[in-house]
Amino acid sequence: MSSSDKPEFVERDVKDKVDDKEDNSGFIDKVKGFIHDIGEKIEETIGFGKPTADVAEIHLPCINLEKAEIVVDVLIKNPNPVPIPLVDIDYLIESDGRKLLSGLIPDAGTIHAHGEETVKIPVTLIYDDIKSTYDDIKPGSIIPYRLKVDLIVDVPVFGRLTLPLEKTGEIPIPYKPDIDMEKIHFERFSWEETIAVLHLKLENMNDFDLGLNALDYEVWLSEVSIGSAELEKSAKIGKNGISYIEIPISFRPKDFGSALWDMIRGKGTGYSMKGHINVDTPFGAMKLPISKEGGTTRLKKNREDGGDDDDDDDEKKVRRMFECKSKLC
């Protein structure tokens, strides 16, 4: 008998094991398919589905030298016929891979059936904490940020799901402008009341534009308050730029004694200024403090400093006022 005619012998136990394995594998696949089909049928029949979420908007309702209050609006849509609980909100704000702020909001509410809700996530960035942690973040700068939010919801059929969200942008670290009074120009003279114009120089120390629209402060000349001043017109101060504004003000010269005379003769007199400016910025409105301690101003410039005819007229008018006062005219 040739080798090709030899009968093939296969052990029965081995063959049975192979057949059983194939049967079990096929059975498991059928069960998985059945469960998947049932799930799809339930989802189609009852209307269950995965919720969706998106960052709708980011607000900066308050920003000043100390902090930035941020509100993140997250729109969540629930396609299911039953309300779903928003179990947790886990958030992180980072800049260039460095954590600025993180937190967890538990039991954040419920999303109505077949509805949508805008969930607000309020966070506060404290600038001192950031600057003390990262030395390279300087006042007046703009830093990039990345916001990461994980919304954890509990959905029937699907169970607990995590909806990850991400948003990038920029946020400023504001710095107060520098203010200086260059001179005082007199409009109308009276010993009891004098109308004058303050010539101010505002220097923007920030890497973003400032749109000045309101100014309130109190001015002291030679430690005597001449009252408050208000801005008559708006002004734009470019980033790291300088702007000059003129402010009308009234005061009583007789309250200043020799200080006004020193200012007339070009010697200068001490002054102080404190207050606030309201500005518009690319990041929203801000109210920033202004202050100047120990400044010196004068009525006119010396000839070598480029004094003009208006300065000379101011000096002559005030001299006549003093002469008239001394003669009781």
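1. A friendly place to start is strand pairing: two strands pair if DSSP finds at least two bridges between them. Strands (E, at least two residues) are DSSP runs, numbered from the N terminus. This is a predicted model, where local features need pLDDT of at least 70 and side-chain atom pairs count only at pLDDT 80 or more, while totals for chains, interfaces and linings use all residues. Residues are numbered from 1 along each chain as its sequence is written, and side-chain values use heavy atoms, leaving out hydrogens and water.

2. Now look at the open sheet of three strands, ordered E1-E2-E5 with antiparallel pairing. Its edge strands, E1 (52–63) and E5 (115–126), each pair on one side only. Strand E2 (residues 67–78) is joined to E5 by 12 bridges; Lys77 has Glu116 in E5 as its bridge partner.

3. Buried means under 20% relative accessible area, with a 1.4 Å probe and protein chains only. The core has 67 residues, and Leu200 and Tyr217 have the most contacts inside it. Strand E6 (residues 142–155) gives the largest share, seven residues.

4. Phe208 is buried at 3% relative accessible area, and Phe283 is buried at 15%.

Notes
Core = buried A, V, L, I, M, F, W, Y, C linked by side-chain atoms within 4.5 Å. Buried < 20%, exposed > 50% of the residue type's maximum accessible area, 1.4 Å probe, protein only. Helix = DSSP H or I, 4+ residues; strand = E, 2+ residues; numbered from the N terminus.
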